[in-house]
Amino acid sequence: MSASRTDNGAAALMDRMYRHQRHIYDASRKFYLLGRDALITGLAPPKGGTILEIGCGTGRNLIKAAKAYPHARLYGLDVSEEMLAQARKSIARAGLSERIQLAQADATAFDPLALFGVAAFDRVFISYALSMIPPWRDVLANACTFLTEGGSLHIVDFGDQAGLPAWFGRALRRWLSWFDVTPRLTLEEEIRALASARGLGCHFSKPLRAYAFEAVLQRP
Ligand SMILES: C[S@@+](CC[C@H](N)C(=O)[O-])C[C@H]1O[C@@H](n2cnc3c(N)ncnc32)[C@H](O)[C@@H]1O
């Protein structure tokens, strides 16, 4: 059962997209979903802290985070049951089913208390999911509301490739569009505006010549 309030057809779309791809997802995406491991290193939750991944896909990041932070409790949500089935399998194989809870929900409107029995998290992260969610601004605004005091929201996604040859950026965007992926070119201004409106600290960077955008929003 889902504790998500809206869906907008996202579940059906993502299930169609990932029904077959989920089997080769981790092996193929390691070559171009860059910056995920740096995000995990940057999480550094407090001892016994809580970590939520929004759009957790195959559970690859949650498994790495669980190994990096053995005292943390981890939670993941995704709109696609196909991806969650893969995540459950991988998490069980890693022996981490007791530490990682998963739930099906739409990132734009979900109730973590109903899903996990947890109202707020020390760390929330979103890795390469904003570029697949048309109402991505709603996802960001929603995610900020689930931070504990001192908690932080970490984001990595495709950048504008400003430091790379123009042909590369064009080719990458064309290729990504086949997978319904749209780099959010205004991410920096949206993040800064959100931080300012909510009184959050903000760090934004463009690693790998802006191949990726990374951001951290911190609640005081
Ligand atoms: C490119 S994958 C990234 C998976 C994982 N975060 C990673 O870094 O490997 C994007 C994920 O976002 C999920 N997703 C797309 N739309 C969503 C929505 N509206 N709510 C929750 N998850 C969504 C997809 O099902 C997919 O698992």
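Select Arg173 to begin: at 32% relative accessibility, this residue counts as partly exposed (buried is under 20% relative accessible area, exposed over 50%, partly exposed in between, with a 1.4 Å probe and protein chains only). This is a predicted model, where local features need pLDDT of at least 70, side-chain atom pairs count only at pLDDT 80 or more, and totals for chains, interfaces and linings use all residues. Residues are numbered from 1 along each chain as its sequence is written, and side-chain values use heavy atoms, leaving out hydrogens and water.

Stay on Arg173. It sits in helix 8, residues 166-177 (helices are DSSP runs of H or I, at least four residues; strands are runs of E, at least two; both are numbered from the N terminus). Leaving aside residues up to four places away in sequence, Arg173 touches Asp160, Gln161 and Pro183 (contact means heavy atoms within 4.5 Å).

From Arg173 to Arg60 is 113 residues in sequence and 24 Å in space, C-alpha to C-alpha.

Next, select Asn61, in helix 4 (residues 60-68). Is Asn61 buried or exposed? Asn61 is buried, because its relative accessible area is 5%. Show the side chains of Asn61 and Ser127: a polar contact of 3.4 Å joins them (a pair of N or O atoms within 3.5 Å; within protein, one must be able to donate a hydrogen and the other to accept it, and residues adjacent in sequence count only if both atoms are side-chain atoms).

Last stop: helix 1. Colour its buried residues: Ala11, Met14, Asp15, Met17, Tyr18 and Gln21. They pack against helix 2 (25-29), helix 5 (81-93) and strand 3 (100-104).
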